[in-house]
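Colleague: I have not looked at this one before. Can you walk me through it?
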Amino acid sequence: MTHYQSDLLRLLNDRGYIHQLTDAGGLDSLATNSIIPGYIGFDVTADSLHVGNLVQIMLLRRLQQAGHKPIVLMGGGTTKVGDPSGKDEMRKMLDDDGIASNFAKIRGCFENFLTFGDGPTDAVMVNNDDWLSQLEYIPFLRDVGRHFTINRMLTFDSVKLRLEREQPLTFLEFNYMILQAYDFLELSRQYDCRLQMGGSDQWGNIVNGIELARRMEGAELFGVTTPLITKADGSKMGKSVDGAIWLNADRLSPYDYWQFWRNTDDRDVGRFLKLYTDIELDEINRLEKLEGSEINEAKKILADAATTMAHGQTAANAAAQTAQQTFEQGAAGSDLPVLEISEAEISILDALVAIGFCASKGEAKRLVAGGGARIDDDAVSDAGAMIDLPDGDRKISAGKKKHGLLRRA
């Protein structure tokens with residue numbers, strides 16, 4: 001068992017965030033004796049982050065909780081290039097307007113997790129386009145590019161995997177690791193940033209930045225990576241059978257977000273409480289020991305805490321109340337999706353598709369055939385069934401977890 005002196009590394013270690021450290025002793029000493037500005041970069045390739053990004057956001061939150069300064073680096077510049085790490089193909093290129101739109105929609109998410117301001121431990125948000133777009137190509141190659149050898153760059157997993165699979169790797173993407181290393185150097189110059197954190201797939205990029213700063217300016221920088229977060233069934237965190245678990249409420253409702261956490265595998269409850277909530281470790285140790293039906297109470301606590309952090313207490317309470325009404329009392333909770341219909345009736349297949357529970361009528365037919373479609377909790381066995389819509393709502397369900405309301409417009 002590793003014993004750290006600093007509040008920062010003890011906190012990260014005890015809650016399961018540490019996979020690799022570049023210099024554990026040096027970072028531990030620095031964190032004990034000074035306030036460390038530390039950063040994580042987020043490219044703005046979509047208009048919302050998702051649960052797969054959440055461990056990195058929580059890492060910045062832990063940095064601030066331990067008395068240090070989080071820097072949220074938004075990749076307005078690197079998004080124009082695309083990180084090849086873990087990718088089999090080149091990302092779709094976004095124009096400046098698309099990048100600006102995504103940036104605006106993502107930035108609000110961080111305000112739910114971090115305290116921003118001008119104080120020594122207040123978080124700041126910066127955009128790497130501010131310096132990357134100003135670089136002149138030839139001087140950049142002369143000053144920075146000479147510190148990178150092609151031989152070494154070819155050893156990094158992000159490059160090796162693409163080449164082994166005979167997937168194209170453009171020269172544009174090949175430059176990504178140089179630009180990310182330069183980000184670390186630039187942040188150390190502008191903000192005295194000493195620490196870069198990221199997922200395990202970012203280890204090579206982080207080490208590049210540390211080495212570049214040492215060679216160019218004699219700076220001593222540090223790196224921390226988190227383990228790859230997978231669920232107990234082996235699937236990747238942040239994905240579900242229905243797609244990505246988005247953090248923005250306009251992409252995924254707080255109710256569906258709450259449900260994602262409520263449906264956590266029993267084996268993951270303790271680990272996720274440590275990573276994704278602020279609940280004290282003693283209480284988590286108690287909760288993860290619960291067995292049988294009692295573990296469901298721990299899952300509700302996880303769902304409440306995670307949803308409160310992302311969407312606020314009011315949204316979390318409403319989601320929990322809707323879930324209780326829907327699942328425990330057999331009623332239709334007020335937070336469920338509503339499909340308004342102008343006709344007096346609708347086919348079960350059309351209803352399942354229109355409310356978004358099935359992607360096609362074929363999928364809806366298979367759901368009915370498998371006994372997974374229900375109206376007012378009664379199974380519908382006929383794929384040709386018509387649902388009549390009197391005054392008042394009717395509850396429609398697909399499987400055990402998807403519920404909605406049919407309402408006469």
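Modeller: A definition to start with: two strands pair if DSSP finds at least two bridges between them. Keep in mind that this is a predicted model.

Colleague: OK. What is the order of the strands in the sheet?
Modeller: The order is E1-E6-E5-E2-E3-E4, in an open sheet of 6 strands with mixed pairing.

Colleague: Which strands stand at the edges?
Modeller: Strand E1 (20-21) and strand E4 (124-127). Each has a single partner strand, so one side of each is left without a neighbour in the sheet.

Colleague: And in what sense do E2 and E5 pair?
Modeller: Parallel, over 2 bridges, with E5 covering residues 195-199. Gly38 has Leu195 in E5 as its bridge partner.

Colleague: Which strands does helix H3 touch?
Modeller: Helix H3 (residues 51-65) packs on the sheet and touches E2, E3, E5 and E6. The direction of H3 makes about 160° with that of E2. H4 also packs on the sheet, touching E2, E3 and E4, and the direction of H4 makes about 160° with that of E3.

Colleague: Let's switch to aromatics. How many aromatic pairs are there?
Modeller: The count comes to 8 aromatic pairs. One of them is Phe42 with Phe110: the ring centres are 5.0 Å apart and the planes stand at 65°.

Colleague: Why is that pair edge-to-face?
Modeller: Because planes over 60 degrees apart count as edge-to-face, and the planes of Phe42 and Phe110 are at 65°. The pair links distant parts of the chain, with Phe42 in strand E2 and Phe110 in helix H4, 68 residues apart.

Colleague: Are those two buried or exposed?
Modeller: Phe42 and Phe110 are both buried.

Colleague: Which residues form a cluster through ring pairs?
Modeller: Tyr257, Phe260, Trp261, Phe272 and Tyr276. Within that group, Phe260 and Trp261 make an edge-to-face pair, 5.1 Å centre to centre with 80° between the planes. Phe260 has a relative accessible area of 12% and Trp261 has 0%. Buried means under 20%, so both residues qualify.

Colleague: What sits over the ring of Trp246?
Modeller: The charged end of Arg251, 4.0 Å from the ring centre.

Colleague: Last topic, helix H10. How many of its residues are buried?
Modeller: 13 of the 16, so H10 is largely enclosed by the rest of the structure. Helix H10 covers residues 176-191 and reaches 22 Å from its first C-alpha to its last, close to the 22 Å expected. Just after H10, Asp192 takes a positive phi of about 55°.

Methods: Residues are numbered from 1 along each chain as its sequence is written. This is a predicted model: local features need pLDDT of at least 70, side-chain atom pairs count only at pLDDT 80 or more; totals for chains, interfaces and linings use all residues. Side-chain values use heavy atoms; hydrogens and water are left out. Rings of Phe, Tyr and Trp (its six-membered ring) pair if their centres lie within 6.5 Å; planes under 30 degrees apart count as stacked, over 60 as edge-to-face and the rest as tilted. Helices (H or I, at least four residues) and strands (E, at least two) are DSSP runs, numbered from the N terminus. Buried means under 20% relative accessible area, exposed over 50%, partly exposed in between (1.4 Å probe, protein chains only). A charge sits over a ring if NZ of Lys or CZ of Arg is within 6 Å of the ring centre and within 35 degrees of the ring normal. The expected span of a helix is 1.5 Å times one less than its number of residues. Contact means heavy atoms within 4.5 Å. Axes are lines fitted to C-alpha atoms, for helices over the stretch in contact, and angles run from 0 to 180 degrees between N-to-C directions.
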